Amino acid sequence: MGRYLVYDCDVGNDDAWGLMMLIKAEETYKRRQELKDSPKKFEIIGVTCVQGNTTVDHAVVNTLRVLDVVNRNDVSAKMLLWAGAIYI
C-alpha cells in the first residue's frame, strides 16, 4: 500500500512548480508497471495553503489554478490560519 500526502505551501512561483512536479511524480508511480507496487508510491490527497510569498487568499487561488491546469480537481485545497485551524 502507498502513502498519503498533503502538500503544504504558499504557492508562489516556486511552490507552483513544486506542486506540478509532485503531481507528475504521482502519475509516474501510477503509470509505470515496475513502480506500481513500490513502497515509495504515494497519493496526493490535499493541499494546504498558508501566507508566504503571497497572501493566503492568493495562495488558494493560485493552488486551484495549478490543480485545474493539471486536471487534478479531485485534490482539495484548504486555507490554513496561523493557529493551524482549517478555514473555508
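**Helix packing and other details**

Guide: Helix H1 passes helix H2 in a right-handed crossing. Keep in mind that this is a predicted model.

Visitor: At what angle do H1 and H2 pack, and how far apart are their axes?

Guide: The angle is about 35 degrees. The axes of H1 and H2 are 10 Å apart.

Visitor: Which residues of H1 and H2 meet there?

Guide: H1 brings Ala16, Leu19, Met20 and Ile23. From H2 come Thr63, Val66 and Leu67. By class, this contact of H1 with H2 has six nonpolar residues, one polar and no charged ones.

Visitor: Take Val66. Is Val66 buried or exposed?

Guide: Val66 counts as buried, because its relative accessibility is 10% and the cut-off for buried is under 20%.

Visitor: And what is Val66 in contact with, leaving aside neighbours within four places in sequence?

Guide: Val11, Ala16, Leu19 and Met20. Val66 and Leu19 are 47 residues apart in sequence, yet 7.9 Å apart in space, C-alpha to C-alpha.

Visitor: Which residues of H1 are buried?

Guide: Asp15, Ala16, Gly18, Leu19, Leu22, Ile23, Glu26, Thr28 and Tyr29.

Visitor: And what do the buried residues of H1 pack against?

Guide: Strand E1 (3-9), strand E2 (42-49) and helix H2 (56-69).

Visitor: New topic. How many aromatic pairs are there in the whole structure?

Guide: A search finds one. The partners are Tyr29 and Phe42, with ring centres 5.9 Å apart. Their planes are at 65 degrees, so the pair is edge-to-face; the cut-off for that class is over 60.

Visitor: Where do Tyr29 and Phe42 sit?

Guide: Tyr29 is in helix H1 and Phe42 in strand E2, 13 residues apart, so the pair links distant parts of the chain. Both Tyr29 and Phe42 are buried.

Visitor: Where is Asn71 found, and is Asn71 buried or exposed?

Guide: Asn71 is in the loop between H2 and strand E3 (76-80). Asn71 counts as exposed, because its relative accessibility is 62% and the cut-off is over 50%.

Visitor: Zoom out for me. In what order do the elements of the protein run?

Guide: From the N terminus on, β-α-β-α-β-β. That makes two helices and four strands.

Visitor: What share of the protein's residues count as buried?

Guide: 36% of the 88 residues.

Visitor: Last one. Of the contacts with a separation of 6 or more, what share comes from residues 24 or more positions apart?

Guide: Those residues account for 59% of such contacts in the protein.

Note on methods. Residues numbered from 1 in each chain as written. Predicted model: local features only at pLDDT ≥ 70, side-chain atom pairs only at ≥ 80, totals over all residues. Heavy atoms only, no water. Buried < 20%, exposed > 50% of the residue type's maximum accessible area, 1.4 Å probe, protein only. Contact = heavy atoms within 4.5 Å. Axes fitted to C-alpha atoms, helices over the stretch in contact; angles between N-to-C directions. Left-handed = near helix turned anticlockwise from the far one by under 90°. Nonpolar A, V, L, I, M, F, W, Y, C, P; charged D, E, K, R; others polar. Phe/Tyr/Trp six-rings, centres within 6.5 Å; stacked < 30°, edge-to-face > 60°.
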